[in-house]
Amino acid sequence: MGTPATVRAWESHFTLYRTIWKSNMLGAFLQPLLYLVGMGLGVGALVDRGDNAENLLDGLTYFQFLAPGLLATTAMMVCTNEAMWPVMGGFKWMRGFHAQAASPLSPGEVAGGLALWHATKGLISVTGVAAVLALFAETRSFGLLLAVPFGALTGVAFAAPLTAWSATRESDNSFPAINRFIIMPLFLFGGAFYPISQLPNWMESIAKVTPLWHGVELCRGAVHGRLGVGEALVHIAVLVSLALVGWLAARITFARKLAA
Amino acid sequence: MPTDSNAPLITAEHLVKRFGDFVAVDGIDVEVPRGESFGFLGPNGAGKSSTMRMIGCVSPVTEGRLRIFGLDPATDGKQIRSRMGVVPQMDQLDEQLTVEDNMILYGRYFDIPRAECKRRAKELLEFVQLTDRAKSKIEPLSGGMKRRVTIARSLINEPELLLLDEPTTGLDPQARHVLWDRLYRLKQRGVTLVLTTHYMDEAEQLCDRLVVMDQGKIVAMGSPRELIEKHSPREVLELRYPAGTNDERASDLDGVGNRREVLPDRVLIYADDGEAALAEVHRRGSRPESALVRRSSLEDVFLRLTGRSLVD
Amino acid sequence: MITLAGLPLRIVPVQVMQATRPHRMLERQWMVNRAGGWMVLLSGFFEPLFYLLSIRVGFGALVGDVEDGGRLIPYAEFVAPALMAASAMNGALYESTMNVFFRLKYDKVYDAALATPLTSGDVALGEIGYATIRGALYSSAFLVTMWALGMTSSAWAIGMLPVAILISFAFSAIGMAATTYMRSWADFEYVPSIMLPMFLFSATFYPLSSYGDWQWVVQISPLYHGVAMTRSLNLGEWSWAFGGHLVVLVAMALFGVTLTAKRIERLLLP
């Protein structure tokens with residue numbers, strides 16, 4: 001039995017990654033560690049001595065509150081970047097997608113290979129964060145094993161629709177705006193650094209429909225063993241549908257681009 | 001500051017360029033008078049580009065003496081560069097700007113007033129027949145168009161001397177002929193052209209005088225005609241034998257013509273009378289698959305001077 | 001003081017001293033941005049708004065007041081000037097690393113410029129100058145936003161702007177110098193690993209005193225010296241320590257410009 005086509009398309013991304021994995025892994029491990037020490041421990045010391053903090057954080061220390069959220073934010077950052085410039089590169093600069101499409105691979109399989117790669121990349125970076133979390137007693141739990149796939153799923157929920165959209169762009173001009181107007185606000189207001197209940201009501205309602213918040217809630221609940229089955233299913237359903245819709249859209253936009 | 005108009009534009013005496021232990025240019029002597037079209041001919045790695053970069057004042061001279069417009073590149077690089085135009089091997093056009101803006105900006109690098117830059121850009125784009133592309137970005141242009149923009153841009157400061165490093169490498173035949181025509185017109189206007197090439201037809205078309213370089217040294221100098229007369233008999237007989245048998249068959253031909261050269265795909269016989277040489281080949285019972293008599297060209301000189309598989 | 005004044009003349013190399021038209025590189029940037037890059041630049045003005053709002057509604061409520069230099073300051077006013085310093089650094093570094101690398105290796109903008117009367121010093125100063133302007137623009141936006149949100153504490157806060165420009169200059173210079181050593185895009189993966197610790201551990205989010213015995217590590221970070229100044233100025237405080245902070249940033253800027261000019265000469269004029 002031969003290798004499935006989608007996996008063959010995935011291999012090209014993985015091969016490229018093998019040439020940069022050292023510097024990439026260093027960042028994937030070091031950055032969450034720095035955030036945890038810098039924000040979790042440092043700012044945490046300021047937060048935890050306050051009187052209302054325990055109330056606001058639902059009985060968690062700030063470190064416990066912040067750490068699991070980093071699983072979801074990291075996946076979001078890594079996967080959205082993978083879904084913008086490298087997609088443009090595959091069509092325009094390195095033309096790797098055209099090369100794949102010139103082989104027996106179909107456009108749908110090219111898109112599938114990329115989606116699979118995004119899941120892989122999300123998994124790699126989330127595992128890095130989880131390894132860092134396991135270093136600290138406050139966040140060392142078997143729930144991490146569950147949080148890793150949740151984190152990766154969050155990443156894919158971002159990457160898939162964004163990939164479909166990136167494939168329709170002719171230049172990378174609009175990518176910085178995505179980072180600025182979507183990713184950065186989500187990072188700051190998506191519930192990773194403080195509870196969204198602190199936001200004004202209208203912002204809180206917006207935050208609740210963003211994929212990042214669902215991802216953060218899943219990861220935080222999993223790490224601290226507080227995840228109800230019902231709410232978990234809702235969060236997962238939201239993320240999975242985003243990923244599915246995105247993937248189907250990407251199959252269409254890839255087919256259009258590669259047929260042209 | 002400018003020296004008298006009869007003095008040579010470029011004087012190089014025992015010019016040397018070394019990169020660490022590697023000797024790129026190994027003591028060459030060159031003189032280019034004003035108004036001449038001068039070529040550096042040679043295989044890849046012969047030292048042509050290194051020489052051009054020294055003349056362009058973007059690479060310091062290791063040893064020897066170099067004067068351009070009578071000035072020393074080591075101390076007067078800025079003044080020299082302000083009086084010449086450079087067409088580098090790879091187009092270095094600014095992809096973020098339009099064709100016209102590329103030209104205007106380049107003019108600004110020379111401190112030419114903006115309005116004057118605009119006027120010249122318009123004129124030069126007309127000269128290279130790209131007026132309708134003035135507002136276009138660089139990316140969608142063809143290779144030949146980009147080359148023409150680069151040439152137009154290099155003329156924005158109305159240079160006395162134009163350096164062209166492999167101006168037509170990679171272009172299709174039509175694009176090459178358009179470029180040659182434009183360069184010829186520049187020459188007629190009195191611009192001194194210095195170019196490198198490894199195309200013999202280009203050297204024959206464009207150069208009044210040229211040097212053949214090999215391994216950093218000059219191995220011949222003269223006009224294309226002089227070089228052909230000096231280094232090659234009048235005619236060449238090209239013989240093709242079944243693949244892989246050239247060496248074996250060639251030995252049957254001892255004494256035919258003045259000189260013989262065995263290439264991988266054919267055997268060349270240099271002779272004053274090609275037809276007579278062919279008759280002799282047939283008389284000896286040798287039966288090539290094809291035979292062709294032609295006038296000798298610069299390519300023959302080039303292979304003679306830089307080739308490795310010569311049999312005299 | 002006389003020897004100090006003469007010092008730059010001896011340590012700044014001839015490449016920089018002979019730079020006569022670095023403004024041509026700025027003119028290039030102006031022509032590039034005229035076409036539409038302004039939108040990208042303008043959108044950068046939203047970043048301070050997002051940061052400052054999240055500090056105010058999020059962290060401010062969690063932390064309350066912070067004790068710094070013997071008095072209590074609302075957390076938002078404590079962090080905001082530090083973030084302004086950090087945004088000057090970020091803006092400058094983004095421009096002087098990734099964008100410069102692209103022009104150096106792919107667009108060959110500098111090769112083309114050096115074939116004209118422009119020199120390596122012109123290229124170095126012009127490009128560092130542009131990155132500085134970019135950082136300064138972000139900082140101005142930051143200051144205006146801070147003021148609009150009522151996070152400035154004194155009129156001296158306006159003094160944060162020149163400090164932010166100096167921070168931009170110092171980081172632009174070092175950033176571009178570092179970029180000349182980059183071999184490929186993969187090398188840029190290391191940049192966040194240097195920037196992030198500086199961002200987090202320059203007394204940005206909590207006072208220097210909370211580092212205990214490790215304060216000297218924080219003081220190694222050049223950003224700390226910028227943060228220390230913006231924070232004091234926001235509160236309307238001056239101190240002799242400013243002299244030391246300024247020396248660190250100015251030295252960094254001089255070193256960066258010098259190294260950049262030398263490296264460009266080595267890379268592009270071999």
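Q: Into which domains is chain B divided?

A: Domain bounds come from an automatic or database domain assignment. In this predicted model, chain B is divided into domain 1 (10–223) and domain 2 (233–295). The C-alpha centres of these two domains of chain B lie 40 Å apart. Residues are numbered from 1 along each chain as its sequence is written, and chains are lettered from A and ligands numbered from 1 in the order in which they are written. Because the model is predicted, local features need pLDDT of at least 70 and side-chain atom pairs count only at pLDDT 80 or more, while totals for chains, interfaces and linings use all residues.

Q: How many helices and strands does chain B have?

A: Helices (H or I, at least four residues) and strands (E, at least two) are DSSP runs, numbered from the N terminus. Chain B comes to 11 helices and 14 strands. Its C-alpha atoms fill a box of roughly 75 × 45 × 35 Å, taken along the principal axes.

Q: What part of chain B is buried?

A: A residue is buried if 20 or more other C-beta atoms, placed from the backbone, lie within 10 Å of its own; it is exposed if 12 or fewer do, and partly exposed in between. Of the 312 residues in chain B, 44% are buried.

Q: How many helices and strands does chain A have, and why is chain A said to be as compact as a globular protein of that length?

A: Chain A has 12 helices and zero strands. The radius of gyration is taken over C-alpha atoms, and the globule rule is 2.2 Å times the number of residues to the power 0.38. For chain A the radius is 19 Å, close to the 18 Å that the rule gives for 260 residues, so chain A is as compact as a globular protein of that length. Buried residues make up 50% of the 260 residues in chain A.

Q: Which chains share the most contacts?

A: Two residues are in contact if their C-beta atoms, placed from the backbone, lie within 7 Å. Of the two pairs of chains in contact, chains A and C share the most contacts. No contact joins chain A and chain B, and their closest C-alpha atoms lie 12 Å apart.

Q: Which elements of chain A supply the side that touches chain C?

A: The contact takes 30 residues from chain A and 27 residues from chain C. Helix H2 (21–48), helix H3 (53–56) and helix H9 (175–189) of chain A each supply at least two residues of the side that touches chain C. The largest share of that side, 14 residues, comes from H2(A).
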